[in-house]
There are 2 protein chains.
Amino acid sequence: MAQKTILIVDDESSIRDMLRVALEMAEYDCLEASDAQTAHSLIIDRKPDLVLLDWMMPGTSGIELARRLKRDEVTSQTPIIMLTAKGEEDNKVQGLEVGADDYITKPFSPRELVARLKAVLRRTDTLVDSGPITVEGLTLDPVSHRVTINDQPVQMGPTEYRLLEFFLTHQERVYSRSQLLDHVWGGNVYVEERTVDVHIRRLRKALQLDEHDRFVQTVRGAGYRFSTKVVERTD
Amino acid sequence: MAQKTILIVDDESSIRDMLRVALEMAEYDCLEASDAQTAHSLIIDRKPDLVLLDWMMPGTSGIELARRLKRDEVTSQTPIIMLTAKGEEDNKVQGLEVGADDYITKPFSPRELVARLKAVLRRTDTLVDSGPITVEGLTLDPVSHRVTINDQPVQMGPTEYRLLEFFLTHQERVYSRSQLLDHVWGGNVYVEERTVDVHIRRLRKALQLDEHDRFVQTVRGAGYRFSTKVVERTD
DNA sequence: TGGAAATGTCACAAAACCTTCACATAATCG
DNA sequence: CGATTATGTGAAGGTTTTGTGACATTTCCA
């Protein structure tokens, strides 16, 4: 399963360090920001799966950021866990009202952090997925995790599924093998680039694409592209 | 959506009053009970959507009642929020172990109460029983709590029953082990994910599903899915 | 209190899957 | 046109995921 990315927002670097250690132990990817501005653009840009947000921050406070995120269509789905100093009961309440999905009171144990984080992630996991994607009879439904061609169910492995999902959400654009490894396999894996070819082949086979230009197209020297248009040669 | 009904269980009438005011402000219907006995019959009788349960009560303690409620098939679906006095960490743990869906430490602000209550309700919302569910000869009757295949009674454990109930009310959708733990076991339990596999097996066995693709389907790398459609392999 | 039922965990078995490699085939270029 | 490079393809082998039976513990009930 793809690794989850957590964005840590805190102005104290020592706390960020601590959090990062704990999160990386639990196999999460980490992003960091020390101010609301940076945090905001990181969220738009990198789309983390969850935001750990400190309550007290210079400039725009954490709660202000949370409010802004939850109001915005684009970012409102991203779950937020607030970090609050001990005894700030009012803040806690405000935090939840603003739309934070949970809060943790400092000081906290790493295990509590990870436990709550997991709980929030699995609770919000299902809400993020969008409806089925259909393209000329080919349908991928993230909810049922199913692929059909003209309503005929199609069987494929997990990697092929992720590959197809990625292609369908990024049509008409060429991706190098390296980029595909990044996006579909997930950042830091060491895998031969040619492995992508093999999975491309399996995907084509599963979809029974006899002509190679149908949907999954080879762009020689560059990589692969998913497209509904069949390209004429441009000699 | 219909107005939610909350049952307040506390022996101190002053606290009940406070709670009732807060809840009615937030547009909830309220029931009240000052002892476990009354509470129990009210739950059976009026089926509240949530129970606010005080930890310390004369006679049967709150935790005892919680245990009883969560054990009973009929009442086990009703979410419970425990009210505990400050600093009783041990109780907190016990409370969660018994199956309470959340706990609140006294003293608390009304706003916090409502915020948590909303959160719990949101999580457990989907459990509306509306008569028996039938799917190709397989019937689950929430009222009599019975499962039959072609009118032949089928026997299974409570966990398998809840699992099946959840599946039947959420067909055609993949759930990860983690999500199943959340929905079927209840939010805050620590159980190995592989335990889900074992109960899946027990459910399959009880339903005598010889082919594994019948009804309870494995989605490799993702989780499990209940579905009547069978996927054929494309080798 | 004793026994039956249910539950969570583990270890091992079986199945599905992923990666790599070797070689085949196709495209490109001088 | 041959050499060269890029991609297609099938199979082997190791790895990961899932299935399954057994066991210890706890809960339930008579």
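Predicted model: local features only at pLDDT ≥ 70, side-chain atom pairs only at ≥ 80, totals over all residues.
Residues are numbered from 1 along each chain as its sequence is written, chains are lettered from A and ligands numbered from 1 in the order in which they are written, and side-chain values use heavy atoms, with hydrogens and water left out.

**Entry: DNA strand C**

Helices H6 (158–169) and H8 (194–206) of chain A, with H6 and H8 of chain B, are the elements that give two or more residues to the surface near DNA strand C. Helices (H or I, at least four residues) and strands (E, at least two) are DSSP runs, numbered from the N terminus.

How many residues surround DNA strand C? I noted 22, the closest being A:Thr159, A:Glu192, A:Arg202, B:Thr159 and B:Glu192; a residue is near if one of its heavy atoms lies within 4 Å. Of the atoms of DNA strand C that come within 4 Å of the protein, 67% belong to sugar and phosphate. By class I recorded eight nonpolar, six polar and eight charged residues on this surface. In that scheme Ala, Val, Leu, Ile, Met, Phe, Trp, Tyr, Cys and Pro are nonpolar, Asp, Glu, Lys and Arg are charged, and the others, Gly among them, are polar.

**Entry: A:Thr159**

I placed A:Thr159 in helix H6 of chain A. Is A:Thr159 buried or exposed? A:Thr159 is buried, because its relative accessible area is 16%; the cut-offs are under 20% for buried, over 50% for exposed and partly exposed in between (1.4 Å probe, protein chains only). Leaving aside neighbours within four places in sequence, A:Thr159 is in contact (heavy atoms within 4.5 Å) with A:Val184, A:Trp185 and A:His199.

**Entry: chain A**

I recorded eight helices and 12 strands in chain A, and 44% of its 235 residues count as buried. Three strands make an open sheet in the order S10-S12-S11 (chain A), with antiparallel pairing. Its edge strands are S10 (174–175) and S11 (215–219), each pairing on one side only. S10(A) pairs with S12 (residues 223–227) over two bridges; strands pair if DSSP finds at least two bridges between them. In this pairing A:Val174 stands opposite A:Arg225 in S12(A). H6(A) packs on the sheet, touching S10 and S12 of chain A, and its direction makes about 65° with that of S12(A). Axes are lines fitted to C-alpha atoms, for helices over the stretch in contact, and angles run from 0 to 180 degrees between N-to-C directions.

I also checked A:Phe215, in strand S11 of chain A. A:Phe215 has a positive phi of about 65° although it is not a glycine, and it is buried, with a relative accessible area of 6%.

**Entry: chain B**

In chain B I found an open sheet of three strands ordered S10-S12-S11, again with antiparallel pairing. Five bridges join S11(B) to S12 (residues 223–227) of chain B, and B:Thr218 has B:Tyr224 as its bridge partner in S12(B). Helix H8 of chain B lies across S11 and S12 of chain B, at about 150° to S11(B).

B:Val219 sits in strand S11 of chain B. B:Val219 counts as buried because its relative accessibility is 9%. Outside its sequence neighbours within four places, B:Val219 is in contact with A:His145, B:Val174, B:Tyr224 and B:Arg225. B:Val219 and B:Val174 are 45 residues apart in sequence and 7.4 Å apart, C-alpha to C-alpha.

Phi of B:Glu136 is near 45°, a positive value in a residue other than glycine, and B:Glu136 is partly exposed at 47% relative accessible area.
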